[in-house]
Amino acid sequence: MIERTVTAVDAGGGGRTSMHPDHHDHHQHHLEPTDDAEGDEDCDRRQPKQEQATASTDVTEVAPGVVRTQLPISLPGLGHVNCYVLEDDRGVAVVDPGLPGPDSWDHLIDRLGRVGCSTDDVHTVVVTHSHPDHFGGAMRLHHESGADIVTHESFRSLFDRSELRDHEDSEELDLNSPDDRAEAIERYFSRPTPWGGRRARPPREFIERLRSGDSSPGSGFATPSPTRSLHDGQTISLARREWIAMHTPGHTYDHLCLYDPEFGVVLTGDHVLPSITPHISGLAPEADPLALFFTSLVRMTEMTDVTIALPAHGHPFRDLRGRAEHIIQHHEERLDVIRHASGDLPNGTVADFMQVLFRERSWGEMAESETYAHLEHLRESGELTRNFDDGVARYAPTD
Ligand SMILES: [Zn+2]
Ligand SMILES: [Zn+2]
């Protein structure tokens, strides 16, 4: 049905661990980069990471019936997002159709054309997790082709309009009024974080769209509403075979990977990337998001028949187990840094520990959030205690 140029599977270089492990690289979404404080900066700067490469127009079959396309994004540390196109008798499914907005949409149309199809052929959109560079094109595809939007059952947007009503005093606000909406948005983002810090804000453009009420399907800024939710272990038929849904919380709580046992293919989203370490959000619906991430990574190391991992950024790679082990190791080392620092930082705040873990240019809400995830992990394991002083969390070693 579909004609295209098929090139060789590009999986040679992605799986190896570089000589200079990713001490500096945090997969950042939409906000400031938050690199580690330690390590040899020069080594890391020598070569841009593969995840930073600008989007190629090539379309490459990377697994049976699975074509890798790339859409441009410009976020700290990221130059493209992989939009995988999975073909079957009904047409195609796309995985992670890029950022919201008309530019990304035009590229998506172009890539589908290069694969030999159009938006009319898209019957399913899989969104691996709730970041805009992954869900951006979803609602528009849904409106134009009637495609199903498939996510994990815990999927939630970075910003959910319904949460504007979370405040006791928000009931009287009319969310159809631009002024009230602006006020509600301000209130929402001025709430302190659980550790008493400032809340990370989405990109200005995103806020402006919300403020102006431009969340029409055509704008691409509408919050995607899944039409089909998967739970862990559930299967979905794509590319003429069954894929198993794997709930992989960590990078976000709602992260979904898909595993094809027939050919040993894993769509890893942002859960496991070839050369950068995903950001861990401390803001999760469950305690200890880092523990959840470790569990999700261990699941990747236990899969014995993986032939290729297809990440959302960077090249496909073969050694999923090795890469997942490396990311676990990275966070174990970060925990050690906090253990050592906690002796010198009696009653340190999240911001205090962030300054130990990250370079100054990375300090900010995202770095605080990741630091908080590590501190809470040590508190859950009994190594640290937490007290609140004027609403600000302070951590100390357990006696
Ligand atoms: Zn992400
Ligand atoms: Zn991403």
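**Helix packing, sheets and an aromatic pair**

Guide: In this predicted model, helix H8 (residues 320–342) packs on helix H9 (residues 350–357) at an angle of about 120 degrees, and their axes are 10 Å apart. Residues are numbered from 1 along each chain as its sequence is written, with chains lettered from A and ligands numbered from 1 in the order in which they are written. Local features need pLDDT of at least 70, side-chain atom pairs count only at pLDDT 80 or more, totals for chains, interfaces and linings use all residues, and side-chain values use heavy atoms, without hydrogens and water.

Visitor: Why are H8 and H9 called oblique?

Guide: Angles under 35 degrees count as roughly parallel, over 145 as roughly antiparallel, 65 to 115 as roughly perpendicular, and the rest as oblique. The angle of H8 with H9 is about 120 degrees, and the two helices are therefore oblique to each other. H8 passes H9 in a right-handed crossing, meaning that the near helix is turned clockwise from the far one by less than a right angle.

Visitor: Which residues of H8 and H9 meet?

Guide: Arg 334, Val 337, Ile 338, Ala 341 and Ser 342 of H8 meet Phe 353, Val 356 and Leu 357 of H9, where contact means heavy atoms within 4.5 Å. By class, this contact of H8 with H9 has six nonpolar, one polar and one charged residues. Ala, Val, Leu, Ile, Met, Phe, Trp, Tyr, Cys and Pro count as nonpolar, Asp, Glu, Lys and Arg as charged, and the others, Gly among them, as polar.

Visitor: What is the relation of H9 to H10?

Guide: The axes of H9 and H10 come within 9 Å and cross at roughly 100 degrees. H9 and H10 are therefore roughly perpendicular to each other. The residues in contact include Phe 353 and Met 354 of H9 and Tyr 372 and Leu 375 of H10. The contact of H9 with H10 divides into eight nonpolar, one polar and one charged.

Visitor: Why are E15 and E16 placed at the edges of their sheet?

Guide: The sheet is open and antiparallel, in the order E15-E17-E16. Strands pair if DSSP finds at least two bridges between them. E15 (348–349) and E16 (384–389) each have a single partner strand, so one side of each is left without a neighbour in the sheet. Six bridges join E16 to E17 (residues 392–397). Among the partners in E17, Ala 396 pairs with Thr 385, and Arg 394 with Asn 387. The hairpin of E16 and E17 has two residues between the strands, and Asp 390 there takes a positive phi near 60 degrees.

Visitor: How do you know that Phe 135 and Phe 155 are a pair, and of which kind?

Guide: Rings of Phe, Tyr and Trp (its six-membered ring) pair if their centres lie within 6.5 Å; planes under 30 degrees apart count as stacked, over 60 as edge-to-face and the rest as tilted. The structure holds two aromatic pairs. In one of them, the centres of Phe 135 and Phe 155 are 6.4 Å apart and the planes stand at 85 degrees, so the pair is edge-to-face. Phe 135 is in helix H3 (residues 132–135), and Phe 155 is in the loop between strand E7 (148–152) and helix H5 (178–190), 20 residues apart.

How values were computed
Axes are lines fitted to C-alpha atoms, for helices over the stretch in contact, and angles run from 0 to 180 degrees between N-to-C directions. Helices (H or I, at least four residues) and strands (E, at least two) are DSSP runs, numbered from the N terminus.
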